[in-house]
Every structure is written in structure tokens, then in C-alpha cells.
Amino acid sequence: MQIQTICTRKTGVEDVNVTFEDQQKINKFARNTSRMTELKNEIEAKKKSLQNLQDASDDLMMLDDDSLLIPYQIGDVFVSHSQEETQEMLEAAKETLEQEVKGLEERVSAIQQVLGDLKVHLYAKFGNNINLEADES
């Protein structure tokens, strides 16, 4: 025998019964929305880092003197490398960041698909009595 918790909320239009399963879906929607926002913020930060690496790479290409040692930050220390080695390290770092951004974007896409499915179900049951749209404030 399955026990369901039923809550009734009086609205201006009609009574809405919220079952335990409905509440679980609403909670899942909220968690996924929050996670998607976090991922989007992380993507933005990584894209800024990627742009900084691209700018550093461009500046490095404009150097005239190939014999200069270029400081490259690894963790908390700077290590001096030749221009060519530094350029290779920048390219490797850019590729790594691009892969990370791609992975994050795939996760956001998967979450958007889950949110779309939940929206369909929740709007079908609750109609205008539930608001699942993000506030743009």
C-alpha cells in the first residue's frame, strides 16, 4: 500500500492537489534550475579565462626577440620558458579549457532537456497555478 501526502492549496481560480510525487518533481526542477545557473556561471568564468589565454598568446606572438624568457604561471609560481615553449603551454591550456567548456555546455543541455520534460508535466497538471519561469531580475 502506497501512502501519498496530499496538500490542498486554495487559489483564486481553483483548488490544486499537490501529491508527494508532484512535490518531488517540483523539488527536482528547483535543484536542476539551480545547478544549471551554477554551470552557466562556471562556463562564463572559463570563457573569460580562455579569452585571457588567447590575449596572452596574441601578445606573445608580437614579441620580436625570440631569446627572451617568458614567465608562465604554474600554480602559485612563475617559471621562465622560451617563447616557443610558452606558446605551446598556452595552446595546451586553451585546449583543456575548451574541452571543459564543451563538457559543461553538454551538461547544461542535458539539464535543459530534463527541465523541459518536468515543465510539460507540471504545467499539464497545474496550468497557470504554477510558475516555472526564471525571474530575470
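I examined Glu91 and Lys94 in this predicted model and found their side chains joined in a salt bridge, at 3.1 Å from N to O. The two residues are three positions apart in helix H2, so about one helical turn separates them. I then looked up their accessibility: Glu91 is partly exposed, at 30% relative accessible area, whereas Lys94 is buried, at 7%.

I turned next to Glu105, which forms a salt bridge with Lys47; the closest N and O atoms are 3.4 Å apart. Because Glu105 belongs to helix H2 and Lys47 to helix H1, this pair ties together parts 58 residues apart in sequence. I noted Glu105 as partly exposed at 36% and Lys47 as partly exposed at 38%.

Within helix H1 (residues 20-61), I checked Glu38 and Arg35, which are three residues apart and therefore separated by about one helical turn. Their salt bridge has its closest N and O atoms 3.1 Å apart. The count of salt bridges comes to six.

I compared the length of helix H2 (residues 83-126) with expectation: 44 residues at 1.5 Å a residue should span 64 Å, and the end C-alpha atoms are 62 Å apart, which agrees. Just after H2, I recorded a positive phi of about 55° at Gly127.

I consulted the unreviewed UniProt entry, which annotates residues 80-114 as "coiled-coil region". In the model, that span is 91% helix and 6% strand.

Finally, I listed the element order from the N terminus as β-β-α-β-β-α. Of the 137 residues of the chain, 26% count as buried.

Notes: Residues are numbered from 1 along each chain as its sequence is written. This is a predicted model: local features need pLDDT of at least 70, side-chain atom pairs count only at pLDDT 80 or more; totals for chains, interfaces and linings use all residues. Side-chain values use heavy atoms; hydrogens and water are left out. UniProt positions are given in the numbering used here, feature names are shortened, and annotations may be inferred rather than shown by experiment. Helices (H or I, at least four residues) and strands (E, at least two) are DSSP runs, numbered from the N terminus. Buried means under 20% relative accessible area, exposed over 50%, partly exposed in between (1.4 Å probe, protein chains only). The expected span of a helix is 1.5 Å times one less than its number of residues. A salt bridge is a side-chain nitrogen of Lys or Arg within 4 Å of a carboxyl oxygen of Asp or Glu.
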